[in-house]
Amino acid sequence: MTHEAAGQSTRIVVVGSGFAGFECARALTRRLAGTDARITMISPHDYMLYTPLLPEVAGGILDARFVTVPLSEALPNVELVKGRVDSVDLDSRTLHVTDCEQGVENVSWDRVVLTPGSVTRLFDIPGLAEHARGLKTPAEALFFRDQLLTQLELAERDTDPLVARARRTVVVVGASYAGTELTAQLRALADEAASRRGLDPKEVRFLLLDAADTVMPEVGEKLGRKVLEVLRSRGIDVRLETTLTELGPDHVTLDDGTVVPTRTVAWVTGVTAGPLIDTLGLPTEKGRLTVRPDLSVEGHPDVFAGGDAAAVPDLRNSGSITPPTAQHAVRQGRALARNVAASLGIGDAKPYTHRDMGLVVDLGPGFAVANPLNIQLSGFLAKVVTRAYHLYAMPNAANRWAVALAYLTDLLFPRPLVSIGLVTDEESRFAASEGVGAQT
Ligand SMILES: Cc1cc2nc3c(=O)[nH]c(=O)nc-3n(C[C@H](O)[C@H](O)[C@H](O)COP(=O)(O)OP(=O)(O)OC[C@H]3O[C@@H](n4cnc5c(N)ncnc54)[C@H](O)[C@@H]3O)c2cc1C
């Protein structure tokens, strides 16, 4: 029996505290203020992660806490259940939740909003899950910062020049915006470390690989060419139409047979919907849950979904689905709130539609590219626009303040070269940090 039918308050459960779930819960508290509705959020974390700034956490500009928005502060009227939804019983309207100590709880709903986001897309490449790391979580971002600084320190005292060279080599696979931003930030961190040690920065080698024939297709050909130019001018060896065939603890093998000795490999080649979506037994498109234009699930009027986990029809681009970006996830979160409220008789439902506003991409010291509203910007002006945009988009005043101060600190002082070592090797692996194994 539902809460509505039993005469109890209506319960809306939001699964996931990413951009879509967070915005949905926030907008729902406003839309349903004054009603008896109870809003519950289930997430393994007590924060909303502002992922676009993870490369700057890896690069040592920002602290991980600055990019995690506390739910207790930002969503004071939402009940938080800290745990992971393992399965969804659509008939009995119940979610099965496991917490971090393996305690289990069943949570029932009148309306459920599924926003479990995405995880790194892995392939069946030998050694990938063990020896590469992704960039979807604070643990992974902190791993890269610590790993790079530790390897540079060890290289300095290594008596075997070949091992020292491997320690000073970083391989990033995936030259879309996330991988390119990560490469640029790690390059800047390595340059700072080299200059403090009197080492030629060229001694620290960076390879950026992509199976495609261009970098950052999201920003268009002209800005993409500019990015390529800047990356190469910083000594980054960009190899397009190239990927990995195998990884070991001290090397990777490229698909042209070249063996590159390295201890640091980032795998940032794209995402796939969170594993929960696969367990639902509902129709999917490209692995994402199929939803109608109003973000409800066909045949289940009490189930809604959005963000990276959902295949949302792109009404401005007939026949396609919206790309997995924060820009869409935020707006889909608000549309979810509107349409869930409408399903309870409050307001009117509307199909989701949004015109792409462009991207901002920070590429390290003094450089960024951005194409807001299709205006192509690069260099210092793009850098100002990019940083201003992140401060504007950060959904909590204390986080905004912390990030603004960190940007100011970055203008006045060199990057701190500190590997605090909070994340173990095990904790940063895909399985532990993102909950994913190999997918095909
Ligand atoms: C490094 C990086 C940089 C990016 N930069 C940009 C950018 O500049 N601009 C842009 O538009 N987009 C950017 N993106 C993409 C953007 O982060 C995603 O599109 C966005 O996070 C999707 O939001 P979401 O709410 O759907 O999912 P997510 O943000 O992934 O959140 C999903 C939430 O669900 C939780 N969850 C997962 N499974 C379960 C479960 N079973 N039970 C309970 N909770 C669960 C997760 O823990 C998480 O809290 C970037 C992504 C990365 C990784």
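Helices (H or I, at least four residues) and strands (E, at least two) are DSSP runs, numbered from the N terminus. This is a predicted model, in which local features need pLDDT of at least 70 and side-chain atom pairs count only at pLDDT 80 or more, while totals for chains, interfaces and linings use all residues. Residues are numbered from 1 along each chain as its sequence is written, and side-chain values use heavy atoms, with hydrogens and water left out.

At least two residues of the shell around the ligand come from each of helix H1 (19-31), strand E2 (38-43), strand E6 (84-89), helix H7 (177-197) and helix H9 (326-343), and H9 gives the most, with 3 residues. The ligand has 32 residues around it, of which Ala20, Thr51, Val85, Asp308 and Ala326 come nearest; a residue counts as near if one of its heavy atoms lies within 4 Å of the molecule.

Because domain 1 (11-44 + 83-120 + 272-343) and domain 2 (128-269 + 358-434) both give residues to this shell, the ligand lies between them; the domain bounds come from an automatic or database domain assignment.

A polar backbone atom of Gln327 is 3.1 Å from an oxygen atom of the ligand, and for a backbone N or O atom of Thr115 the distance to a ligand oxygen atom is 3.4 Å. Taken alone the ligand exposes 990 Å², of which the protein buries 91%, with accessible areas coming from the Shrake-Rupley method with a 1.4 Å probe.

Definitions and conventions
Polar contact = N/O pair within 3.5 Å; in protein donor to acceptor, adjacent residues only side chain to side chain.
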